[in-house]
Amino acid sequence: MSNIPPTPLAPRPTVAPATEADAAPSPEADTDSPPVFETKQLSVSYGSALAVADINMYIRRGQITALIGPSGCGKSTLLRCFNRMNDLIPDARVEGTILYEGLDLYGDDVDPIEVRRRIGMVFQKPNPFPKSIYDNVAYGPRVLKMKVDRMDDLVEQALRRAALWDEVSGKLKKSAVALSGGQQQRLCIARAIAVQPDVILMDEPCSALDPIATARIEDLMVELKQDYTIVIVTHNMQQAARVSDITAFLTAAVNEATGERHGELVEFAKTATLFTAPADERTEAYITGRFG
Amino acid sequence: MTTTTAPPAVAPPSLRTGNVSRSRKFRDRLATIAMWAAFGAAALPLAFIVFYVVRAGMHLFSYDFLVTNIPIISSKPGPGMAPAVVGTLLITGAATLIAVPLGVMGAIYLNEYGKQSTLAKFIRLMTDVMSGVPSIVMGLFIYTIWVLRYGLSGFAGALALACLMLPIVVRTSEEILRLVPSALREASAALGARTWRTTVRIVLPAALPGIVSGAMLAVARAAGETAPLLFTIGIVSKPNTKLFGSNTALSAQIFRNAQVPFPAAQDRAWAAALTLILLVFLLTIAARLITARFARK
Amino acid sequence: MVLVLIAVTTLNNAWPAFRESGLSFVTSRQWIPNEGKFGALAFIYGTAVIAAIAVLLALPVSVGIALFVTEVAPARLRTMVVAVMDLLAGIPSVVFGLWGILVLAPNIAALYNWWSDLVEPIPLLTKLFDHTQTGRAFFTAGLILALMITPIITTITREVFATVPRNDKDGALALGATRWEMIKGVVFPHSIGGMVGATMLGLGRAMGETIAVALVIGSTPQIVANVFAGGDAMPAVIANQFGEATGVHRSALIGLGVTLFALTIIVNVSARTVVRRVDVRLRGLA
């Protein structure tokens, strides 16, 4: 862990101006895991429309960080900054800084391809390739020309990690599209794991699944955080409460002058704290179901 | 909540391009270049052809060219394509008058009445097959059922072109009709109007611009057709403004003159090609403008 | 509407005359109207060769353009590419033919011979690309046809590519695939049915195209491997000989038309079947 920034920073209970950031003592300092991501005054806009503004937060190693908030608050937009998926949207613009392991993610010599290899993503709607189960998992390692001794082992390992092996071990050559929604989503997780990423981003991974499949994915996430840093976007507060260590609450703020809406970070704290003793009244209103 | 202590596998810190295999980058770059090249491979010949037609066609193309008769001796230089211009307009016009009403009626049947019935499905299949029939086969078909009995005439050519236009008109019209919101139909039906009344008063006016532009594209396609005219319309050297009796057309004249070794005839072919392209492009542009206006509404 | 049925029956009426020459019509390569010999094999061969050349040339170009439009080109260029394709589709075939016979054919023979010299040492290739005196050849016809069917194949493949879900593409990119790897892994497998269908529609069009081919193919009915040699094709021979043909000769030409008609229908219907089957397979599983 030679590449960790010298001063591990703790999450702050509420968003503070960046100048205070270093000085702000945190009640969460009990954990010493270092930040993987650090954002500074991060804003994203599509064309002339501001999507999220002025985000300052951390993602800590080996933890699950949940981004919650009402729809339209820019959680997914924020998530897609972490592996530069926003690059693919023609007029998306990212301002401010995101540091990954202390490196500027949007620096000139950073290759988005390499970023995405390192930082995997699981999408809202399961999106297995129309290939066999085996080929789905092997796709990444093959494309990336990873040095793999035995592809079979790697596929099995990834499927085991994704808790899917027992269900599909007999039909690896069958089409992935024939699996159930929950299985497809776990296959997508296996596919992401197979390229040995550092971080896994999950964009509402359970929103298209039934409660049982959801429960399995949640168990899986807790399981996976031993090895991976996970960031999950969810509109389901219970889910955030169940699986995450840290929760960030975003909401849509209305610009008084123009009437336009953009997302901003309201509160960012340990999940237990945020759900039991929210510091901001907007957070309280949201988690008690009074709005959103 | 268990606090995990085991830090994950250490990732090397660099995110530089160098980390992505050079050959992968290269192949991605290569593929992108190939895509640009593919566009060039299609655009360049197009530019060439248009350039040549304009350059070679320019020096004979004039008002005179459009109104003078074709010289009887084809090695004689000078203008003259009037019979062909008249023929093209007449034959294409007649074909339009046959194909468009039939095609639109067919499309109305398919979309408003037939929908998913077996007959409608069968007709749709037939339309598809018909649109794949080579134009020369259409010409042969008209030759066997019409020309053998009634002789060569502009009308026979129009019939052949109409057969080619029909599937295009049916298909584009059906697509346009499908775009008419069914709320409009329901609103009219709720007032007690019969289907045909709803169709004529409500659906058709709403779909009209789309249908017109589809028909114009079909006309543009038909105006450029040569093969079905070769053995249906015959040949004349003076304008024939009547539908019956032999006639000629721009496309047929280009074909004929292209095979003649005399530069004078070839010049006329180029100028005729320029005339034809202008005609086709005008129709296409008109169709686009109408579609664009329709789309904005 | 059901004109197609009539088309079939009338053409049936016309072919008893061609039945006269019996089965040898499609198996003999002797086409000597003066002696009453009508073997269409050389024309069928010619049609097959030029259609194959056209598709081989047009397919990669069309797929390239379609990908260019859907994946690479900035929005403004995109509309331009579409406009160019529309223009290309709008040029009448006789104009392609005119350009082919007066501009392309006279100039391309030199290029053919240069290429022949180049591949001389390679036995197989030298058979395929032998020396030539004229630019009016199989390959010229194939080249012109390729230009004519490119807009067709491009338009359909473009529409198919556009239906590939953003979500699926993101899946590949999020794994660290480059754009090309994503196209190979996601876009192609997704669109294979549509691409096959588009190709076959292009093939059908290429087989039936008459005028441009009639002008540039050279009208020499022969079966040779050399694609730089002159040849002839079914629609072209109908167009070229119909005017002066009488009696059985004329029936034979109509018979050629029937054969062509049957072939294009087979190609078109199987194209549609392929497209539908792949559609059903993808949707059935989804």
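Predicted model: local features only at pLDDT ≥ 70, side-chain atom pairs only at ≥ 80, totals over all residues.
## Contact between chains A and C

Chain A contributes 28 residues to the contact, and chain C contributes 21 residues. Between chain A and chain C, an area of about 1,800 Å² is buried. Carbon and sulfur atoms give 64% of that buried area.

## Salt bridge and polar contacts

How many salt bridges cross the interface of chain A and chain C? The rule finds 1. A:Arg80 forms a salt bridge with C:Asp170, and the closest N and O atoms of this pair are 3.3 Å apart. Between chain A and chain C, 4 residue pairs are in polar contact, with both residues at pLDDT 80 or more.

## The chain A side

Four elements of chain A each supply at least two residues of the side that touches chain C: helix H3 (112-118), strand S6 (119-122), helix H4 (133-143) and helix H7 (181-194). By residue class, the side of chain A that touches chain C comprises 17 nonpolar, 5 polar and 6 charged residues.

## Chain B

Chain B contains 11 helices and 0 strands. Along the sequence, the pattern of chain B reads α-α-α-α-α-α-α-α-α-α-α. Of contacts in chain B between residues at least 6 apart in sequence, 73% are between residues at least 24 apart.

Chain B has 297 residues, and 50% of them count as buried.

Conventions
Residues numbered from 1 in each chain as written. Chains lettered and ligands numbered in written order. Heavy atoms only, no water. Contact = heavy atoms within 4.5 Å. Buried area = accessible area lost by both parts, 1.4 Å probe. Salt bridge = Lys/Arg side-chain N within 4 Å of Asp/Glu carboxyl O. Polar contact = N/O pair within 3.5 Å; in protein donor to acceptor, adjacent residues only side chain to side chain. Nonpolar A, V, L, I, M, F, W, Y, C, P; charged D, E, K, R; others polar. Buried < 20%, exposed > 50% of the residue type's maximum accessible area, 1.4 Å probe, protein only.
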